[in-house]
Amino acid sequence: MLASLYAAFCLGSLLFSPARALLEVFEVYQPVSITHGSAGCNTEVLLMDHVFGYSYGEPYVGIYEPPNCTFDTVRINFTVTSKGTQYDRLALMYLGDTEVFRTSTAEPSTNGIIWTYIKDMSQFNVLWKEKQKLIFDLGNIITDVYTGSYNATLTAYFSYEGNVKTPDVILPISARKSGQNASSDFELPTDNATVLYQFPPTTSRAVVSISACGQSTEEFWWSNVLSADEYSFDNTIGELYGFSPFREIQLYIDGILAGVDWPFPIIFTGGVAPGFWRPIVGIDAFDLRQPEIDISPFLPLLTDNRSHSFEIRVTGLNVSDDGTVTFSNTVGSYWVVTGTIFLYLDDSVSQSVTNSTNGQAPEVIAPAPTFEVTRNLAQSRNGTNETLSYSVLAERTLTVQSSEYSWSQNLSYSNYGSLNQQGLSQKNNQQTFGQNSISQLTGTKTTDEITFEYPLICNTTYGLEDGLSISALIRRGLDIESTGGLGVSTYTFTSGALNLHTEQWGTAYYYESSDDEGSVSTGETTDVFQSNAGGVPYYRSVRAVNGTVVSDTDS
């Protein structure tokens, strides 16, 4: 994405939809049932019915009270309508200071749109069972130009289904601003995303989930260039964004690296070319996954009755003139970040902790990643910059081990990028692969493992004659294989094993005339989704052309 041109086309694309009734916009995902269990609690609670008009810095604030019944399963229904002209917006839902759901909006049309997303929220049962302040932050702007409000309802369904064990304690890694009726996210790199906690001595397992996505100059981080090339095409397209197309999200405990996340390249509904995303939105656009880092190897240290620090950082890369690659220890503006610590308690644990292990840090083997970077800037005979090509390859291994647990990560990444036509055409071919595992070294000696792949190919060409035109091609995917683990994973969205393959591809075109005569945005997108979550298979293949679904295997 040539980010300096992004704002110029995003608004005009909202005129894409032809006249019709409310258009149903949707994400292709494995359906979540809201069928109640046969015993215990079968209760529906309206959590929010609110219009997000001019709502920057003014989130919805309500008081949640748990139903008077026994439940172990919570699912939410989030339904939104909107009409008019508006950008896509990021939204975060909190119970107290803990982020429990991150989503984004579709861009409305002049005739209106509607979407519904249903999500299992049972992992946060310990919060649902107590009275909580519910904060829903969806920052929006209403002006003479941006006319679309987001009319949102949020309903929770409580039932008892004999569900899996969920965490006993939940601790937020957040700015903890619920007392100020404000969103508790950190904005990196400006904020310091650090908190202090003392763990109960009976903690037997601990997992940290991280919710993070780039905004503004970091929204399309995967298309960024090396910092030395930010002004390569300043005369044609303006400043490019730097720190390379590589990002690493890091978790530190007492200053010790505990694990990392190489993020999924989320694309919101105004991204690349909006014609891709109506009525099918991008992968995970309505439910941003939260990768997990198992910190159980740190428990001998964390259960010593002292406070310990937890910090989240986001970094890109610096490349020196001699080709040396180092972490930049910063990025552009900005990343929206929170984390959640899930604790599982066992009364027998405190009796088994010996003086020799209490307060002892785990063994951490985390060599610096290996990087390979290439860069070539070609000029015409008169010295004008014509083409820029670059590549970034990275590999990292990490192991954290105590006497009882071992957490390991094996990651690889590549991004081949190029800009030609004096920066008016850009291509990126990115691939991220990872394998995470947690092994219990005593007792049952079990191992839980997750492997994932994030392929992305994006080609975009801009024209500046008689207005602005954009021609784009995209092919992207998400593959996850998981053996399952504790509770309902914030990453796999299931408590059991998962085998997921989803892929989107298509083309889109946008044109806006220079004399304010309007704009046109067209596109075609195919989305194939195949998964088996906890033994339940699901398949769907759907294709949309110019805002209309032309084929769909879903009944």
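Here is a short walk through the aromatic rings of this predicted model.

Let's start with the overall picture: searching the whole structure turns up 27 aromatic pairs. One of them joins Phe71 and Phe158 in an edge-to-face arrangement, with 4.9 Å from centre to centre and 65° between the planes. If you trace the chain, you will see that this pair links distant parts of it, 87 residues apart. Phe71 sits in the loop between β3 (60-64) and β4 (73-82), while Phe158 belongs to strand β9 (residues 150-160). Phe71 counts as buried because its relative accessible area is 4%, under the 20% cut-off. Phe158 is buried as well, at a relative accessible area of 0%.

Now move along to Trp221 and Trp335. Their ring centres are 6.3 Å apart and their planes meet at 40°, so this pair is tilted. Here too, distant parts of the chain are linked: Trp221 lies in the loop between β13 (203-214) and β14 (248-253), and Trp335 is in strand β20 (residues 335-345), 114 residues apart. Both Trp221 and Trp335 are buried.

Rings can also join up into groups. In this model, ring pairs connect Tyr29, Phe52, Phe78, Phe101, Tyr117 and Phe136 into a cluster.

Notes. Residues numbered from 1 in each chain as written. Predicted model: local features only at pLDDT ≥ 70, side-chain atom pairs only at ≥ 80, totals over all residues. Heavy atoms only, no water. Phe/Tyr/Trp six-rings, centres within 6.5 Å; stacked < 30°, edge-to-face > 60°. Helix = DSSP H or I, 4+ residues; strand = E, 2+ residues; numbered from the N terminus. Buried < 20%, exposed > 50% of the residue type's maximum accessible area, 1.4 Å probe, protein only.
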